[in-house]
Each structure stands twice: as structure tokens, then as C-alpha cells.
Amino acid sequence: VTLEDGGLIMFRPLRPTDDALVRDLFYDTSENAVYQRFMSAKRTYPRDERDAIVNIDYSTTMSIAASRWGPGPEELVAMAEWRLTPGDDHPEVAFLVRDDWQRRGLGTLLLNYLVELGMERGLKGFRAEVLAENQGMLHVFQQSSQQVRVRLVDGAYDVLIEFDPEETRR
């Protein structure tokens, strides 16, 4: 994918062998960005939590890596995931974008890709919880081509994205 500013990015599913790349992305991202993603101060990213991100089944769990395209070793600059909990029909989505790659359209591209994959798998939509001060992520959700409902609850936005049933059937 080519970003508006010309940056080249490759999207692919995360694999169990990506543990070190996920770890490096976490530690290369600012405390503030990590706080906005996890909604708490998080200074470490234990192996068992990373395992849940890199071991996906493509239906109830999906994690997408966004890496800089070009020469040299692969380097993650962002990742996005969904996780479906039992009894729920809208998986929760979450994103982590390294600070120097924010505000370049990467979150929107990742969301659009997750929507496409979710529709292919027959999901009804997504949900997310976004801190009130995380206006950038809220903007990403509001730019979705799908129906988006947002409500403020206790200092965080509860975001519900409903997939268009006509598009899902295609």
C-alpha cells in the first residue's frame, strides 16, 4: 500500500515468529500511544500477551502487521487486531501505530482492511473503546464507510461499527 505521503507499507497477518517484531513495536512506541491503546500505563509487554496477538485463528482472532516496505530487515510500524469474545457478535478492534507513522492515514487503511476481512468472514461489525482524549483514533472510526455509532461513557467513547448487510453478502 502507498500512503498519501508516498510511504510504502506491507500488510500481512501476524505469525507466531513475529514475537520479536511485536515486542519491538511496543517498546518503540511512546508511553502516551501505548496508554491510549491499552487504556492504562503499561511499561512491559509480557510474552503471554504477545502470544495472544501473534497466534491467530483468522476468525475469532485476527492480527494484521503493517511493516515498512523497502530494503533492510522487516520493521513493524503498526498493527491492528480483532478479538471475538464468546457470546458477542462484534469483535473488539484495537490499533497500535508507532508515533512517527501516526497521522499518515495508516490507521484508516488498517481499519478498512479489517472491515474487508471481517465482511469476508461474515462478521456483523466491530466495537472499540477509545479514550476521550484519543481524537485521532476516534476520527479514524468516524471516517469508516460503514455505519458508526459513538457514545461517551465514563471518559471513553464506546464505538460500534455495523457492517452494511448488502456488502457482507457479496
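Contact here means heavy atoms within 4.5 Å. The model shown in these views is predicted.

**View B. The largest nonpolar core.** This core has 34 residues, and those with the most contacts inside it are Phe 95, Leu 106, Leu 110, Leu 114, Phe 126 and Phe 141. At least two residues each come from β1, β2 (61-68), β3, β4, α4, β5, α5 and β7 (156-162). The element that gives the most is α4, with seven residues. A second, separate core has 14 residues, among them Leu 14, Leu 21, Phe 38 and Met 79.

**View C. The largest pocket.** Its volume is about 980 Å³. Of the 42 lining residues, Phe 95, Val 97, Asn 134, Met 137 and Val 140 lie nearest the centre of the pocket. Two or more lining residues come from each of α2 (31-38), β3 (76-83), β4 (92-97), α4 (106-120), β5 (125-131) and α5 (135-142). By type, the lining comprises 18 nonpolar, 14 polar and ten charged residues.

View D. Asp 18 is placed in the loop between β1 (9-13) and α1 (19-27). With a relative accessible area of 2%, Asp 18 is buried, because buried means under 20%. The Asp 18 side chain reaches the backbone nitrogen of Arg 15 at 2.7 Å. Beyond neighbours within four places in sequence, Asp 18 is in contact with Arg 12, Pro 13 and Val 54.

Methods:
Residues are numbered from 1 along each chain as its sequence is written. This is a predicted model: local features need pLDDT of at least 70, side-chain atom pairs count only at pLDDT 80 or more; totals for chains, interfaces and linings use all residues. Side-chain values use heavy atoms; hydrogens and water are left out. On a 1 Å grid over the protein atoms alone, a cavity is a set of points where a 1.4 Å probe fits but cannot get out, and a pocket is an open set with protein on both sides within 12 Å along at least five of seven lines; lining residues have an atom within 4 Å of a point. Grid points are joined across faces, edges and corners, and a volume is the space filled by probe spheres set on the points. Helices (H or I, at least four residues) and strands (E, at least two) are DSSP runs, numbered from the N terminus. Ala, Val, Leu, Ile, Met, Phe, Trp, Tyr, Cys and Pro count as nonpolar, Asp, Glu, Lys and Arg as charged, and the others, Gly among them, as polar. Buried means under 20% relative accessible area, exposed over 50%, partly exposed in between (1.4 Å probe, protein chains only). A polar contact is a pair of N or O atoms within 3.5 Å; within protein, one must be able to donate a hydrogen and the other to accept it, and residues adjacent in sequence count only if both atoms are side-chain atoms. A nonpolar core is a set of buried Ala, Val, Leu, Ile, Met, Phe, Trp, Tyr and Cys residues joined through side-chain atoms within 4.5 Å.
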